[in-house]
Amino acid sequence: TMLRQGVIAILAALATCACAGANARPAVAPASPTITLSIIGTNDLHGGILARGDRGGLALLGSYVANVRAARARDGGGALLIDAGDMFQGTLESNLNEGASVINAYNGLGYAAAAVGNHDFDFGPVGPPATPQHQDEDPRGALKARAAQASFPFLAANLIDTNTNRPVDWPDVRPLTMVSAAGLR
């Protein structure tokens, strides 16, 4: 029958292919190298740059990050350090300078990016009052000053300028960013 002849033809073709390559190695696509990317995330630091007893502090985090980066350098991988927001408000060492000490530490640690959290607005304008005292004071001045101080971008996809209905246009604050590590984007 026609069906039987078709099956025999297919089996013959498969047998021919199998025999033709008996001494040849099968064609295998070369494996792409494995790259390990370690993503280290922090959030809700709330100004806690110093250790409290035997807990926390950015010096301890810095040691951990250095170890991870060294391990990734040895294996050809990469590491990204990012923050999910609420960096500043909460401790004397941060509150006295409106988060400048946190940004100095984050710059030193080599953060790739940080999201703006709700408490990152707490300082209001630059200077002691948390609310504008004069019409010419920017109610977001302290946050904008910290973003300008940072060597990494502040991310704020959900901050919309009500005048333009678009993401805010503040220096060093953007809705997204592209980062690279170990040749990966």
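Which residues does Thr91 touch, not counting residues up to four places away in sequence? The views below start there, and the model they come from is a predicted one.

**View 1. Thr91 and the residues around it.** Let's begin with where to find Thr91: the loop between β2 (78-83) and α3 (92-95). Once residues up to four places away in sequence are set aside, Thr91 touches His46, Gly47, Gly48 and Arg52. Is Thr91 buried or exposed? Its relative accessible area is 10%, and buried means under 20%, so Thr91 is buried.

**View 2. Val102 in helix α4.** Now move to Val102, which sits in helix α4. This residue has 0% relative accessibility, so it counts as buried. Leaving aside neighbours within four places in sequence, you can find Val102 in contact with Leu45, Gly47, Ile49, Met87, Phe88 and Ser94. Look at Ile49 in particular: Val102 and Ile49 are 53 residues apart along the chain, yet their C-alpha atoms are separated by 6.6 Å.

**View 3. The buried residues of α4.** Here we step back to the helix that holds Val102. Along with Val102, the buried residues of α4 are Ala100, Ser101, Ile103, Tyr106 and Leu109. What do these buried residues pack against? Their partners are β1 (37-42), α2, β2, α3, α5 and β4.

**View 4. Helices α2 and α4 side by side.** Two packed helices are described by the angle between their axes and the distance between the axes. For α2 (residues 58-75) and α4 (residues 100-109), the angle is about 15 degrees and the axes are 10 Å apart. Angles under 35 degrees count as roughly parallel, so α2 is roughly parallel to α4. The crossing of α2 past α4 is right-handed. On the α2 side, Leu58, Leu61, Gly62, Val65 and Arg69 take part, and they meet Ala105, Tyr106 and Leu109 of α4. Sorted by type, the residues of this contact are six nonpolar, one polar and one charged.

**View 5. Helix α5 and what covers it.** Our last stop is helix α5 (residues 141-149), where the buried residues are Gly141, Ala142, Leu143, Arg146 and Ala147. Among the elements covering them are α4, β4 (154-155) and β7 (173-174).

Technical notes: Residues are numbered from 1 along each chain as its sequence is written. This is a predicted model: local features need pLDDT of at least 70, side-chain atom pairs count only at pLDDT 80 or more; totals for chains, interfaces and linings use all residues. Side-chain values use heavy atoms; hydrogens and water are left out. Axes are lines fitted to C-alpha atoms, for helices over the stretch in contact, and angles run from 0 to 180 degrees between N-to-C directions. Helices (H or I, at least four residues) and strands (E, at least two) are DSSP runs, numbered from the N terminus. Angles under 35 degrees count as roughly parallel, over 145 as roughly antiparallel, 65 to 115 as roughly perpendicular and the rest as oblique. A crossing is left-handed if the near helix is turned anticlockwise from the far one by less than a right angle, and right-handed if clockwise. Contact means heavy atoms within 4.5 Å. Ala, Val, Leu, Ile, Met, Phe, Trp, Tyr, Cys and Pro count as nonpolar, Asp, Glu, Lys and Arg as charged, and the others, Gly among them, as polar. Buried means under 20% relative accessible area, exposed over 50%, partly exposed in between (1.4 Å probe, protein chains only).
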